[in-house]
Amino acid sequence: MTGLLAGIAAVAVPLVLLASLAGQVRRPAALAAAVRAHRVLPAALAGAVAAAVIAAEALIGAAGAAALLLRLDGTARAAGGAAAALLALYAVYGAHVARTRRGVPCGCGGAGTPMTGWVAGRAAALCALALPLALHGPPAGPTAYEWSIEVAAGLAFAVLLWTLPHAMTVESPAVESTAAERRTAG
């Protein structure tokens, strides 16, 4: 079971980090603006912290992707450990900001998703997923069937975890109209 989780993590974690990097490249100022809005660090450090975070995501995501494609055990373990540490920091930071600064942007992937417990939960889930990869490495010599399961599950986890915070904050038109009806009726 640990091998399966490590294989799924080898796909999902780098994919999420690289998706975040792609979003940061599209909107390069979004993360620094979000860090300033969080008011956890001095505003003067926001740009440097954002640049360091983006560089860390790029390095870890690229190392993880290369390890996956080239089947490099040591690199996969190192990328998994670095990802777990980075994502644990994200989870703690996200939980703190979500609790103390309601409505501020996350800055995740350059998107306008607000910082909520769902953002912190996503980071914690990705951290937990990265741990088996860091501790056990990717499965050695999986069959084609096992590899296809790991890739499919990794892609599914990546998509679900990437979209979760945004999906949990966007209200559907039916919910918005019902809420508006309650406000006008009351």
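Helix α4 gives the most to the lining of the largest pocket, with six residues. The structure is a predicted model, in which local features need pLDDT of at least 70 and side-chain atom pairs count only at pLDDT 80 or more, while totals for chains, interfaces and linings use all residues. Residues are numbered from 1 along each chain as its sequence is written, and side-chain values use heavy atoms, with hydrogens and water left out.

**Fold and surface**

- The protein has seven helices and zero strands; helices (H or I, at least four residues) and strands (E, at least two) are DSSP runs, numbered from the N terminus.
- Of the 186 residues, 38% count as buried, meaning under 20% relative accessible area with a 1.4 Å probe and protein chains only.
- Contact means heavy atoms within 4.5 Å; among contacts between residues at least 6 apart in sequence, 77% join residues at least 24 apart.
- The accessible surface comes to about 9600 Å², of which 71% belongs to carbon and sulfur atoms; the areas come from the Shrake-Rupley method with a 1.4 Å probe.

**The largest pocket**

- The volume of this pocket is about 470 Å³, taken as the space filled by probe spheres set on grid points that are joined across faces, edges and corners.
- A pocket is an open set of points on a 1 Å grid over the protein atoms alone, where a 1.4 Å probe fits, with protein on both sides within 12 Å along at least five of seven lines; lining residues have an atom within 4 Å of a point.
- The lining has 27 residues, of which L31, V53, E57, Y90 and C108 lie nearest the centre of the pocket.
- At least two lining residues come from each of α1 (2-26), α2 (30-38), α3 (46-70), α4 (73-100) and α5 (117-136).
- By class, 19 lining residues are nonpolar, six polar and two charged; Ala, Val, Leu, Ile, Met, Phe, Trp, Tyr, Cys and Pro count as nonpolar, Asp, Glu, Lys and Arg as charged, and the others, Gly among them, as polar.

**S20**

- S20 lies in helix α1 and is buried, with a relative accessible area of 7%.
- Leaving aside neighbours within four places in sequence, S20 is in contact with E57, G109 and W162.

**Cysteines**

- The whole structure holds one disulfide, a pair of cysteine sulfur atoms within 2.5 Å.
- This disulfide joins C106 to C108, with an S to S distance of 1.6 Å, and both cysteines are buried.
- C127 also counts as buried, at 13% relative accessibility.

Definitions and conventions: Buried means under 20% relative accessible area, exposed over 50%, partly exposed in between (1.4 Å probe, protein chains only).
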